[in-house]
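Here is a short report on charged side chains and how they pair. Look at the sequence and the structure first, then read on.

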Amino acid sequence: MKLRRTELQAEIDSQAEEKSNLQREIEKLSCKLTRLNDSLTKRTAVKNEYDRIITDTETAYVKILESSQLLLNVVKREATSLDQKLLKTNMDKQQYQQ
């Protein structure tokens with residue numbers, strides 16, 4: 001019986017050591033998981049900020065493009081109007097000279 005008890009105690013000690021090793025491994029993995037989650041949270045926030053900045057920049061670019069096109073149209077219209085006035089003035093001047 002003493003031999004069986006000694007063998008049983010050896011098994012208990014072995015399992016207790018394995019349990020202790022597993023608990024340390026769980027703690028290490030838990031810490032690693034926590035750090036990874038924190039890193040993911042921060043990186044996701046930074047990515048979302050990049051997305052927002054890119055969207056804002058694209059929106060501003062489209063507005064600038066639209067404004068530029070509008071300005072170009074106004075300049076063309078005014079240039080045409082001025083050309084027509086100049087042409088009319090020149091025609092009037094030629095008629096006056098005749």
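D51 is partly exposed, with a relative accessibility of 34%. This value belongs to a predicted model. Partly exposed is the class between buried, under 20%, and exposed, over 50%. K47 falls in that class too, because its relative accessibility is 47%.

What joins the side chains of D51 and K47? They meet in a salt bridge, with 2.8 Å from N to O. The cut-off for such a contact is 4 Å, so a distance of 2.8 Å qualifies. Side chains of opposite charge can pair when their charged atoms come close. D51 and K47 sit 4 residues apart in helix α1, which covers residues 2–97. That spacing is about one helical turn.

**The whole set**

How many salt bridges does a search of the whole structure find? The count is 3. They are listed here.

| Pair | N to O distance | Spacing in helix α1 |
|---|---|---|
| D51 and K47 | 2.8 Å | 4 residues |
| E49 and R52 | 2.5 Å | 3 residues |
| D56 and R52 | 2.7 Å | 4 residues |

**A linked group**

Now follow R52. Its side chain meets that of E49 in a salt bridge of 2.5 Å. The side chain of R52 also meets that of D56, at 2.7 Å from N to O. Which residues are linked in a network of salt bridges? The network consists of E49, R52 and D56.

Helix α1 holds this group. E49 and R52 are 3 residues apart there, about one turn of the helix. D56 and R52 are 4 residues apart, again about one turn.

E49 has a relative accessible area of 37%, so it is partly exposed. R52 is partly exposed at 41%. D56 is partly exposed at 40%.

**The annotated stretch**

One more feature comes from a record. An unreviewed UniProt entry carries the annotation "coiled-coil region" for residues 5–39. What does the model show over residues 5–39? The chain there is 100% helix and 0% strand.

How values were computed:
Residues numbered from 1 in each chain as written. Predicted model: local features only at pLDDT ≥ 70, side-chain atom pairs only at ≥ 80, totals over all residues. Heavy atoms only, no water. Helix = DSSP H or I, 4+ residues; strand = E, 2+ residues; numbered from the N terminus. Buried < 20%, exposed > 50% of the residue type's maximum accessible area, 1.4 Å probe, protein only. UniProt positions renumbered as here; feature names shortened; annotations may be inferred.
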